[in-house]
Number of protein chains: 2
Amino acid sequence: MTYCLGISLDAGQIFMSDTRTNAGIDHVSTFSKMRIFEKPGERIIVLLSTGNLATTQATVTLLEEQIQLSVEDQKTPSLMTVSSLFRAARLVSEAQRSVYRIDAAALKDAGIDGNATFIIGGQIAGERPRLFLIYAAGNFIESGEDTLFFQAGELKYGKPVLDRVVASSTDLLEATKCALVSFDSTMKSNVSVAPPIDLVIIKRDTCRISLRHRILETDPYFLEVRKRWGDGLRAAFASLPAAPWRLG
Amino acid sequence: MTYCLGISLDAGQIFMSDTRTNAGIDHVSTFSKMRIFEKPGERIIVLLSTGNLATTQATVTLLEEQIQLSVEDQKTPSLMTVSSLFRAARLVSEAQRSVYRIDAAALKDAGIDGNATFIIGGQIAGERPRLFLIYAAGNFIESGEDTLFFQAGELKYGKPVLDRVVASSTDLLEATKCALVSFDSTMKSNVSVAPPIDLVIIKRDTCRISLRHRILETDPYFLEVRKRWGDGLRAAFASLPAAPWRLG
């Protein structure tokens with residue numbers, strides 16, 4: 001499993017992903033699920049992936065080949081040349097579907113789920129910042145005023161705190177703190193989501209990375225948030241009024 | 001969807017279930033998912049069901065027919081006669097499987113998921129209190145020292161608070177409060193889980209219901225817990241230290 005999160009706010013965007021992959025509980029590795037495509041000032045695109053690692057790696061490899069090709073022939077569209085994030089999402093979708101076309105039958109025979117889901121966001125100069133969720137079937141949706149974030153992978157444990165805290169006017173670092181709490185809740189309930197956590201923050205209209213950080217399990221800030229959030233939850237719970245019911 | 005929860009503590013057991021059922025988002029009804037089989041002082045059994053409503057209703061009907069039959073012939077085993085909760089779980093499993101045998105092929109043809117999952121617990125005189133989770137396939141597991149509660153249905157949103165608060169020494173009403181918070185978190189993130197919430201509390205070694213209560217959406221205690229928990233979470237979040245990172 002994996003947990004990936006993209007948040008789109010007035011002030012910019014936040015991307016966070018864990019790095020745990022497993023092929024069964026006895027085969028656990030660390031892989032970054034975040035890829036960055038950047039030409040500072042002109043475009044910044046962040047791609048988060050969850051699902052079958054072979055599928056996501058093959059998809060990303062195809063996208064990287066396109067970039068190489070577009071440099072050589074100056075005409076192949078790629079994540080580094082398309083004029084909109086919508087077109088970028090289309091490229092990911094096409095690459096993902098072409099991987100399925102090659103692998104789906106064999107995976108089905110082997111009883112393996114080859115599905116992959118992607119979150120893609122960022123900003124290309126001339127456009128506003130945009131954020132898309134690309135489903136396993138390759139269709140995709142865009143975030144909006146009422147849907148400020150997309151999650152992929154193991155999403156439920158960490159959703160309640162996001163629902164309660166994140167608003168479009170939320171400050172970028174404040175929302176990052178909330179995202180960290182969301183990851184902490186997820187990791188507490190599902191061992192297949194684990195640090196290090198990759199973090200990227202993009203300020204609106206800069207078209208470049210404002211912060212890139214890998215949060216290790218020993219990161220002092222992460223440890224403090226984890227501890228204080230646990231303490232805060234227990235305190236919030238302790239302050240609730242006692243149930244008024246009498247046991248017979 | 002549904003959310004059902006059974007908790008087994010040193011002091012006794014708590015059962016909670018919502019009442020929302022839906023066949024598609026445009027067909028929503030209220031059904032209790034909690035059945036109680038009680039002979040006060042001798043046995044108390046609580047059965048919670050989630051999944052396909054036709055399957056769970058048919059399963060329960062078979063169990064009720066067994067009870068009727070056991071009264072008449074004095075030999076058919078039923079939930080009111082078996083000597084252990086383990087045997088009771090077996091009866092549920094058998095009834096569930098016999099419903100599948102009749103319906104599974106037709107449901108598969110119609111592309112409908114007929115699966116049902118059950119939580120069964122309580123106490124039969126001569127035994128300790130016991131709690132079982134019966135999977136859709138009819139196999140089942142029992143709670144223990146390290147697994148104090150079972151959830152079924154829409155379980156993830158409401159699990160973090162249980163993980164953090166419930167210990168085997170937790171007081172029954174305190175754990176009930178925690179269960180209520182767990183339901184609140186679930187209902188906040190999934191509209192297909194909704195009040196009224198059915199609650200039963202059983203004190204250890206009484207073999208009878210200690211409290212039975214239907215918590216309505218307008219229940220003042222529920223509303224206060226909901227509001228104060230939301231406030232408490234926001235306060236806990238606000239008290240977290242600011243992220244130490246600088247945006248470039």
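**View 1. Chain A as a whole.** Of the 248 residues of chain A, 46% count as buried; a residue is called buried if 20 or more other C-beta atoms lie within 10 Å of its own, exposed if 12 or fewer, and partly exposed in between, with C-beta atoms placed from the backbone. This is a predicted model, in which local features need pLDDT of at least 70 and side-chain atom pairs count only at pLDDT 80 or more, while totals for chains, interfaces and linings use all residues. Residues are numbered from 1 along each chain as its sequence is written, and chains are lettered from A and ligands numbered from 1 in the order in which they are written. Chain A holds five helices and twelve strands; helices (H or I, at least four residues) and strands (E, at least two) are DSSP runs, numbered from the N terminus. Its radius of gyration is 19 Å, close to the 18 Å that the globule rule gives for 248 residues, so chain A is as compact as a globular protein of that length. That radius is taken over C-alpha atoms, and the rule is 2.2 Å times the number of residues to the power 0.38.

**View 2. Two copies and their axis.** A rotation of 180 degrees, with 0.0 Å of shift along its axis, superposes chain B on chain A with an RMSD of 0.1 Å. The two copies are thus related as by a two-fold rotation axis. Which residue of chain B comes closest to the rotation axis? Look for Tyr157(B), whose C-alpha is at 2.5 Å.

**View 3. Where chain B touches chain A.** Here 43 residues of chain B are in contact with 42 residues of chain A, contact meaning that the C-beta atoms of two residues, placed from the backbone, lie within 7 Å. Elements of chain B that give two or more residues to this side include helix H3 (159-165) and strand E12 (211-215). H5(B) gives the most, with twelve residues.

**View 4. Helix H1 of chain B.** H1(B) covers residues 53-73 and reaches 30 Å from its first C-alpha to its last, close to the 30 Å expected at 1.5 Å a residue; the expected span is 1.5 Å times one less than the number of residues. Among its buried residues are Thr59(B) and Leu63(B). The buried residues of H1(B) pack against strands E5 (34-39) and E6 (43-51), helix H2 (85-109) and strand E7 (116-124) of chain B. Both Thr59(B) and Leu63(B) are touched by Val92(B), as is Phe118(B).

**View 5. A loop residue, Ala11(A).** Find Ala11(A) in the loop between strand E1 (3-9) and strand E2 (12-17) of chain A. Is this residue buried or exposed? Ala11(A) counts as buried, because 22 C-beta neighbours lie inside 10 Å. Although Ala11(A) and Ser168(A) are 157 residues apart in sequence, their C-alpha atoms are 8.2 Å apart in space. H4(A) is mostly covered, with 15 of its 18 residues buried.

How values were computed: Least-squares fit on C-alpha atoms with pLDDT ≥ 70 in both. Lists of a residue's contacts leave out its neighbours within four places in sequence.
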